[in-house]
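This report goes through a structure chain by chain, and then looks at selected details. The sequence and the model come first.

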Amino acid sequence: MDETRPVKIKVRGLSKVFGKHPQKAIELRNQGMKRPEILEKTGQTLGLSNISFDVYEGELLVIMGLSGSGKSTLIRCLNRLIETTEGEIVIDGENIPTLKEKALLECRRRHFSMVFQNFALFPHRTVQQNAEFGLEIRGVEKAERHKIAHDSLKQVGLEGWEDAYPNQLSGGMQQRVGLARALANDATVLLMDEAFSALDPLIRKDMQQELLQLQSKMQKTTVFITHDLDEALNIGDRIVLLKDGEVVQIGTPEEILTKPADDYVRRFIEGVDRSRILTAESAMRPLRTTARESDGPRTALHRMRDHTIDSIYVVDRDRCLLGLLEVDAASRAIEEGADSIIPYLTQDFRKVPMDEPLHNLFAMFSEKSFPIAVIDKQEQLLGVVVKGAVLDELARAGEQ
Amino acid sequence: MDIPRIPLGDWIESGLTWLTSEYSLVTRGISRFTQTGIDVLNDSLMWLPEWALLGLIALLCWKLAGPRLAIGAVAGLALIWNLGLWNPMIETLTLVVFATMVAVVIALPVGIAAALSNRLYRVIMPILDFMQTMPAFVYLIPAIPFFGIGSVSAIFATVIFSMPPAIRFTTLGIRQVPVELIEAADAYGATRGQKLFKVQLPLSLPTVMAGINQTIMLALSMVVIAAMIGADGLGSEVWRAIQRLRPGDGFEAGIAVVILAMLLDRLTQSLRKTRQ
């Protein structure tokens with residue numbers, strides 16, 4: 001990563017002590033004591049100790065750590081939902097820990113949107129009203145905030161759900177609302193606190209992909225908290241690894257994988273170079289939906305909408321792969337009144353056999369964002385591989 | 001050994017006497033204001049012919065809770081009318097409505113304040129315990145030197161007796177709002193006021209309504225007891241039946257109270273459900 005990029009948030013020497021006598025704990029820490037000793041001596045918990053890092057403009061920074069590592073505390077210190085004990089957090093020249101109450105509110109409104117692990121949607125508000133919340137708080141006029149919120153709901157694929165209440169939605173959809181609420185606010189920084197951890201694995205993968213797509217469009221500075229190495233490797237531009245309230249390593253996913261700072265990190269990523277023996281089959285997952293050659297464009301489009309994907313593989317009666325239909329092509333087919341989708345298929349995607357080595361797939365992803373099709377000798381479609389799954393598989397191999 | 005008896009009662013009495021003489025202007029003002037309020041409400045309810053009010057109440061029940069409650073209301077109220085207890089019933093209803101309004105107007109801000117401040121919470125909760133467990137009759141005694149015999153004293157005692165659940169439930173409702181929703185409101189830069197009106201109050205509304213329902217029920221029971229200090233209504237019918245040893249009359253008035261109680265309870269509960 002380019003170190004000369006403009007810094008959005010500068011964190012220096014940040015510490016947080018939970019308890020009534022924080023200074024005592026800080027003193028002991030300065031004498032070189034660690035968290036367990038300090039707890040035993042003073043009854044104070046050293047949540048974060050001397051954390052320093054930068055968040056660059058437009059990057060997706062992942063803060064990764066296991067439970068108890070202080071990652072949730074850290075993200076809450078950034079927008080001061082938790083008061084810090086010492087240190088600086090500077091955003092656009094303002095030092096957040098020393099802001100007065102009014103300035104703090106202003107700072108939160110301008111700079112921070114937040115997405116929560118358990119969604120934290122307001123149950124008494126509709127989806128639309130939830131998405132409007134941040135704007136409403138800022139006093140944006142009704143018609144305008146309605147439009148902005150509507151657009152951001154559309155962006156996360158929730159058009160048509162505006163009047164539903166959160167409890168009528170699945171977990172994945174609820175978190176889309178949470179994301180829409182954050183996007184509508186148009187703050188300069190997006191904070192995501194284990195945003196996808198409460199979702200089931202398939203949905204989580206989708207949400208990660210979508211976040212990456214949104215990110216490539218919007219280039220919003222994002223701080224993403226997770227306990228999940230797969231997720232961190234999959235979506236992070238850079239990763240800050242936390243352990244027991246201290247930074248262990250900061251680097252790109254590649255740096256973490258190739259140059260682990262210490263044994264702790266090494267244990268995390270051990271065995272990753274076994275990727276050479278892993279194949280496409282191991283990262284493949286079954287297709288949730290395909291279109292058939294007999295389907296009309298409307299049916300195909302409907303399937304895509306149902307699964308919130310923007311392209312769909314088309315197979316014949318024997319499940320042999322015919323091509324890929326993109327959402328734009330399907331819309332075009334409908335406009336032109338076509339009955340068949342066959343003329344609108346593209347062959348501009350990658351297909352690999354099951355025994356293709358996993359590391360070869362990396363290069364293919366940089367060209368196109370479509371999932372890679374996995375086929376057998378008869379050209380039958382077996383499944384697909386998405387980018388997340390490859391890293392996932394590597395990471396899992398590392399854990400074993 | 002002879003330990004002198006603590007003259008607790010004397011102290012309270014001299015305190016009350018002092019309050020009565022010192023604040024007689026205030027109590028007289030409150031008294032006049034309250035009496036006017038009660039009279040206006042009572043007269044307007046009495047001004048309507050029985051069948052018209054009965055129809056209005058039935059319509060309200062239908063709108064809020066559906067046909068079953070409406071039918072029940074018509075049957076119950078018709079029975080009260082038939083027994084010749086219509087006017088006492090209206091008087092009781094007036095006292096209940098008025099006392100509940102006063103209680104809620106005081107209880108909501110107090111409940112909110114106790115929810116938001118831990119110190120206030122620790123002060124208010126024991127006071128509420130005191131208000132609720134003190135035998136209800138005791139409130140009737142100081143009410144008389146303050147406000148004289150009659151409806152105003154009844155309202156005073158009723159408000160004190162029935163207010164605690166409204167305060168408690170308001171506090172509970174606000175404190176029950178999940179921390180993560182408070183955090184979400186904070187994260188988006190909500191002020192205290194915005195947090196209260198956009199998140200805490202709307203989410204605590206069902207609980208607050210449950211508290212108001214309790215308050216109404218307590219108010220009804222107290223208004224009946226308050227007949228002992230000269231409050232009009234169904235209570236005075238019961239009181240008269242006791243003095244004349246006429247169980248039949250007593251039960252008739254008692255049944256009217258039960259009908260009124262059930263009606264008020266179902267109505268406020270349905271209000272709570274439709275809000276949810």
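## Terms and model

The model is predicted.

## Chain B overall

Chain B has twelve helices and zero strands. Its pattern along the sequence is accordingly α-α-α-α-α-α-α-α-α-α-α-α. The C-alpha trace of chain B spans about 70 × 65 × 40 Å along its principal axes. Of its 276 residues, 39% count as buried. Among contacts in chain B with a separation of 6 or more, 77% join residues 24 or more positions apart.

An unreviewed UniProt entry lists residues 89–268 of chain B as "domain: ABC transmembrane type-1". That span is 87% helix and 0% strand, and its end C-alpha atoms lie 18 Å apart.

Most residues other than glycine have a negative phi. Is B:Leu245 buried or exposed? B:Leu245 is exposed, because 8 other C-beta atoms lie within 10 Å and the cut-off for exposed is 12 or fewer.

## Positive phi in chain A

A:Ala120 sits in the loop between S6 and H5 of chain A. Its phi is also positive, near 50 degrees, in a residue other than glycine. A:Ala120 counts as buried, because it has 23 C-beta neighbours inside 10 Å, where 20 or more are needed.

Helix H3 itself (residues 71–78) is mostly covered, with eight of its eight residues buried. Buried residues of H3 in chain A include A:Lys71 and A:Arg76, as well as A:Leu74, A:Ile75 and A:Leu78.

## A helix pair and a recorded domain in chain A

For chain A, UniProt lists residues 284–340 as "domain: CBS", in an unreviewed entry. Over this span the chain is 33% helix and 23% strand, and the end C-alpha atoms are 29 Å apart.

Helix H13 (residues 297–306) and helix H14 (residues 327–335) of chain A have axes that come within 9 Å and cross at roughly 145 degrees. The crossing of H13 past H14 in chain A is left-handed. H13 of chain A contributes A:Pro297, A:Arg298, A:Ala300, A:Leu301 and A:Met304 to the contact, while H14 of chain A contributes A:Val327, A:Ala330, A:Ser331, A:Ala333 and A:Ile334. By class, this contact has eight nonpolar residues, one polar and one charged.

## Contact between the chains

Where chains A and B touch, 16 residues of chain A are in contact with 14 residues of chain B. On the chain A side, helix H4 (101–111), strand S6 (112–115) and helix H5 (127–137) each supply at least two residues. The residues of that side divide into nine nonpolar, five polar and two charged.

## Nonpolar core

The largest nonpolar core has 173 residues. Those with the most contacts inside it are A:Ile63, A:Leu325, A:Val385, B:Ala157, B:Val223 and B:Ala226. Setting aside neighbours within four places in sequence, B:Ala157 is in contact with B:Tyr139, B:Leu140, B:Ala143, B:Met222 and B:Ala226.

Key
Residues are numbered from 1 along each chain as its sequence is written. Chains are lettered from A and ligands numbered from 1 in the order in which they are written. This is a predicted model: local features need pLDDT of at least 70, side-chain atom pairs count only at pLDDT 80 or more; totals for chains, interfaces and linings use all residues. Axes are lines fitted to C-alpha atoms, for helices over the stretch in contact, and angles run from 0 to 180 degrees between N-to-C directions. Helices (H or I, at least four residues) and strands (E, at least two) are DSSP runs, numbered from the N terminus. A crossing is left-handed if the near helix is turned anticlockwise from the far one by less than a right angle, and right-handed if clockwise. Two residues are in contact if their C-beta atoms, placed from the backbone, lie within 7 Å. Ala, Val, Leu, Ile, Met, Phe, Trp, Tyr, Cys and Pro count as nonpolar, Asp, Glu, Lys and Arg as charged, and the others, Gly among them, as polar. UniProt positions are given in the numbering used here, feature names are shortened, and annotations may be inferred rather than shown by experiment. A nonpolar core is a set of buried Ala, Val, Leu, Ile, Met, Phe, Trp, Tyr and Cys residues joined through C-beta atoms within 7 Å.
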